[in-house]
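Dear colleague,

I am passing on the structure below, together with some notes on what was found in it. Please read the notes with the model open beside them.

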Amino acid sequence: MRKRILAPLGAALLTAGLLVVAGNQSAHAADTLLSQGRPALASSVENGESAAVAAVDGRTDTRWGSQWADPQWLRVDLGATATITQVVLQWETAYAKAYQIQTSPDGNAWTTIKSVSNGAGGTETHAVSGSGRYVRMYGTQRGTGYGYSLFEFKVYGTSSVTPPPTDGPGYVYANPPVTGVVPSTEIPPATNPPVTHREFQANCSVSRTNLNDDPIIFPNLPGASHSHTFMGNRTTNAGSTLASLQAGGTSCVTPGDKTGYWMPTLYNGDQAVQPDGPQVIYYKSGVIDYRSVRPFPPGLRYVVGSPTATQDEFRNAPGAVEGFECGNSAFNWDIPANCPAGTQLNVRYQAPSCWNGLHLDSPDHKSHMAYPVNGVCPVSHPVAVPMIEFKMAWPVSGNMAGVRFASGRGFSFHYDVYNVWEPPILAALVRHCINGGLQCNPRGFDQYKPERGAALNENYQLP
């Protein structure tokens, strides 16, 4: 890979329709920086590195770099329709000579709000007038023989959405909070043998059934929710707290995992169907730099998915992996109409794995967590934690017309997690299996790399 030389960010240069200024010129007082920490996509990345999200992470020591060809683009999703008033591009040495700034309501149809034909690199600040949810730099002519490379792509303006509060009822603060974390954009070095997995399993059986309680959504309101199937902690109910769960038992193979896991009860007609035997709950790395993943803090809780999701929302959710499957039928976004006799109905669904470091819970039970963007945690949620993946199996087959969840159709599937691991046990498994790049069973043992040993002994305790 070529050696990078930082572009000078020096003198101000005024050309036709283009203002190049030194340093970090702030936007007009009425403007707000809308792009920082937002999801970003790009037409390509250089050698599989230099992710798009690096151009909106608020750091000038990370960058997005494209392949060495024209055209290329970088797109940021502002999350809602916004009035765009200013765009700032901080180029690395590889800059664009000709490009357009474009907006779109849906990421498909684009409107050009600024055209540049004589770009000079450095820091370029453009006053613009436009609106849209998506904003992109569309490069048509490179200024060097390399690709396009942006330290930062900053979009200013006024959003149609008021930023959510970060304090008040419904927020549970971490004690202590985790601060000063910068999301890792590093790519772990190649190893021999190569790292192919970064995970361990928590095998947990059903612990409580057909209980209309939900201590996250409806705390201290027994009977207020739809029916749930509980796994892990044997005492979970509407009044559960961290202390009560810590005092409870567990149906998980690992005694140190007293986490409460629950999901809507599955019905076949009016008959509840429970998963049979230990179910697989994966703890994985959701980020590229698996070495940066940290254990959950005690008491962290959140909801994955939504009982009100539409089929399209379920199919396109960041956490959807394979949807529903049975027999040879896979990638179904609703419960299949028929499953071969003797098979099981399976579902796989992934949780967010980036935490804001401040809250153990939030009013919507989701906003303190976020999914990685292109394998990197957003600046707003910089702490990489294990990515939970439910792999559930129900013994139901044949005509599935009467099979549904207590929450509704198949695409209403969701689940809740209330972390009650013993911290030393969880830390050992995260360190050995996720940070160590292994494919571990509940003991933290990788049968394909037995020489690496196990994190826990035969009794699933620390050695």
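Three strands form an open sheet in the order E26-E24-E27, with antiparallel pairing, where strands (E, at least two residues) and helices (H or I, at least four) are DSSP runs numbered from the N terminus, and two strands pair if DSSP finds at least two bridges between them. Its edge strands are E26 (369-370) and E27 (383-384), each of which pairs on one side only.

This is a predicted model, in which local features need pLDDT of at least 70 and side-chain atom pairs count only at pLDDT 80 or more, while totals for chains, interfaces and linings use all residues. Residues are numbered from 1 along each chain as its sequence is written, and side-chain values use heavy atoms, with hydrogens and water left out.

Strand E24 (residues 354-355) pairs with E27 in the antiparallel sense over two bridges, and Trp355 stands opposite Val383 in E27. Val383 also meets a residue from elsewhere in the chain: Val181, in the loop between strand E11 (172-173) and strand E12 (199-204), touches Arg294, Pro382 and Val383, not counting residues up to four places away in sequence, contact meaning heavy atoms within 4.5 Å. The C-alpha atoms of Val181 and Val383 are separated by 6.5 Å, although the two residues are 202 apart along the chain.

**Disulfides**

Taking a disulfide as a pair of cysteine sulfur atoms within 2.5 Å, the count comes to four. One of them joins Cys354 to Cys377, with 2.1 Å from S to S, and at -85° about the S-S bond this link is left-handed. Cys354 lies in strand E24 and Cys377 in the loop between E26 and E27, 23 residues apart; both are buried, that is, under 20% relative accessible area, with exposed over 50% and partly exposed in between (1.4 Å probe, protein chains only).

Cys204 and Cys252 form another, their sulfur atoms 2.0 Å apart, and the torsion about their S-S bond is about 100°, so this disulfide is right-handed. A further disulfide joins Cys433 to Cys440, at 2.3 Å from S to S.

**Helix H3**

Cys433 is among the buried residues of H3, which also include Ile425, Leu429 and Ile434. The buried residues of this helix pack against E12, strand E18 (279-284) and strand E32 (439-440).

With kind regards
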